[in-house]
Amino acid sequence: MSQIKLDAAQPVSPASEIAVSVRNVSKNYGDVQALKNLSLEFPRGELTSLLGPSGCGKTTLLKIIAGLLKADSGNVTVEGRPVTEPGPDRSFVFQDFALLPWASVMRNVAFGLELRGVAKSEREAVAEKYIREVGLAGFEGKFPHQLSGGMRQRVGLARALSVDAKVLLLDEPFSAVDEQTRRKFQEDMLALVQNEKKTFIFVTHSIEEAVYVSDQIAILLPRPSRVLEVIRPSSFRGKIVANIRRDPEYLDIVDNIWASLRSYVE
Amino acid sequence: MMAFGYKLPAMSSLLVWAALWEIVGQLELTFFVPPISTVVVTLFGLVQTSAFLNALAVTASAFVAGVFFAIVIGIPVGILMGKSRLLDELLLPWVNIFVSAPLTALVPVLMVLFGFGAQTIIITTSLFAIWIIILNARAGVKQINRSLVEMSRVFGASSKDAFFKIYLWAALPEILGGVRIGVIRAVKGVIIGQLLISIVGFGALFELYSSNFLMAEFWAVLIVLFGLAFAISEFLGYLERKVSYYAASR
């Protein structure tokens, strides 16, 4: 196997390259232990996937990083600053898009900036740029119910990008769109990570998706939640996207992940 | 509705009932039901009299004021109840009691508290309308998509922004439904107020015509009142349909 396996606690890269750091985080819902003493580091400018069977706490971890949930113990730092609540350094893409159904594509994309008090002409100029970037030019005046699921998530993505946060958190962003749209999204994600120079944290339950888009894959196991391993694919990053799914390393990693997860899937 | 292969215009069933009314009236079975043609002729004469116009002005202003307070108090209270568990626990029993209580029985209490003037009529009107407006605004907020709330937090919405840009709009279909029902209840409230508290406006007209057995005038005023209530309700129904495009996909 050519990929590098790493112990979860061991730093992946020098501390200065770490954008988000999660240390000894625990979270309980009543007497259900969602996260137990979990530590993980997210290198700057890369896409890290949180992958695991349902109930492994990956969305909980993402929401703790977002500041939407409070950890019972442990701490999360983003660019060295501890996270206590949502902040302008992080932005979020929702599984169910979370668009305002009464607002146009333009207002939805600009909504993050609107909440920050950016003037209308200024925020719409920014929004227009990202609407173009996600491939929705010409749809500015449409409403969410007039768009397909895939297009709605492009709006969600453009909104998250337009606030120019350093860290982008994506909660199973493509799980509610159809297979072909999802493949297109995955290809676009790779280009986005290349172009945007942001840190992406990506929750998914699809092994293929995680391996396809990630620089680093953290495999989480449930009950009690813990990081099984962190995998960094080494050979197919930076190659032509059309060849990734045929790359031997890609296929090996997908197989190995499934081998380690299968016993946890009901 | 279709009949004999023809599409009938909306509310054409009213013509059938009007014809029946006319027949019963023409047969002079009871003084209580004059022919509808007489009522309509009376109506056109009546609406030009200054007595009618004064009554309309008095009733309309009490009605508008009552509905205004019911809306500006009811909607925020309902939204806050939907947002805050504590407030909900505190207020919901009262709202549920009042929404189904026979409010007419409370009118004497209101007269003791607030006197016999216009303000008591306005309060009565508000009390008839407000509870269903609160309940509907609350229900609208309760069903708001959790991720919209999380979205507003992630992007740093102040509580004022969250209220005016998310909650109010997300609950708007239910709010408008509540206002429509509330307004219909307010029509009852204002007339009951004007009959029981101080006999003014349309209440005075009803009192005057029924005690003098002027049934044509009585029915004419009732038809005008029905027509006004119907028009307001249809207008609010139209607003509701305008937001229905997103009611299904919040």
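Here are some notes on the predicted model above, point by point.

1. Ground rules. This is a predicted model, so local features need pLDDT of at least 70 and side-chain atom pairs count only at pLDDT 80 or more, while totals for chains, interfaces and linings use all residues. Residues are numbered from 1 along each chain as its sequence is written, chains are lettered from A and ligands numbered from 1 in the order in which they are written, and side-chain values use heavy atoms, with hydrogens and water left out.

2. Chain B overall. You'll find 11 helices and two strands here (DSSP runs numbered from the N terminus: H or I of at least four residues for helices, E of at least two for strands). Read from the N terminus, the order is β-β-α-α-α-α-α-α-α-α-α-α-α. The C-alpha trace of chain B spans about 70 × 60 × 30 Å along its principal axes. Of the 250 residues in chain B, 44% are buried (buried is under 20% relative accessible area, exposed over 50%, partly exposed in between, with a 1.4 Å probe and protein chains only).

3. The largest pocket. Its volume is about 380 Å³. For the terms: on a 1 Å grid over the protein atoms alone, a pocket is an open set of points where a 1.4 Å probe fits, with protein on both sides within 12 Å along at least five of seven lines, and lining residues have an atom within 4 Å of a point. The volume is the space filled by probe spheres set on the points, which are joined across faces, edges and corners. There are 13 lining residues, and the closest to the centre are B:Leu14, B:Trp21, B:Ile36, B:Ile223 and B:Phe226. Helices H1 (13–26), H2 (36–46) and H11 (215–247) of chain B are the elements that give two or more residues to this lining. By class, the lining has 12 nonpolar, one polar and no charged residues (Ala, Val, Leu, Ile, Met, Phe, Trp, Tyr, Cys and Pro are nonpolar; Asp, Glu, Lys and Arg are charged; the others, Gly among them, are polar).

4. A:Asp171, worth a look. This residue is in strand S8 (residues 167–171) of chain A. A:Asp171 is buried yet has no salt bridge, and the nearest side chain of opposite charge, A:Lys63, is 4.7 Å away. A salt bridge here is a side-chain nitrogen of Lys or Arg within 4 Å of a carboxyl oxygen of Asp or Glu. What does the side chain of A:Asp171 make a polar contact with? The partner is the side chain of A:Thr59, at 3.1 Å (a polar contact is a pair of N or O atoms within 3.5 Å; within protein, one must be able to donate a hydrogen and the other to accept it, and residues adjacent in sequence count only if both atoms are side-chain atoms).

5. Salt bridges around A:Asp188. The structure holds 20 salt bridges over all chains. A:Asp188 forms one with A:Arg154, with closest N and O atoms 3.1 Å apart. That pair links distant parts of the chain, 34 residues apart: A:Asp188 is in helix H5 (residues 179–196) and A:Arg154 in helix H4 (residues 149–162) of chain A. A:Lys184 also forms a salt bridge with A:Asp188, at 3.0 Å, and these two sit four residues apart in helix H5, about one turn. A:Arg154 is buried at 13% relative accessibility, whereas A:Asp188 is partly exposed at 24%.

6. Chain A to chain B. A:Arg107, A:Glu114, A:Arg123, B:Asp161 and B:Lys165 are linked in a network of salt bridges.

Notes:
Lys and Arg count as positive and Asp and Glu as negative; His and the chain ends are not counted.
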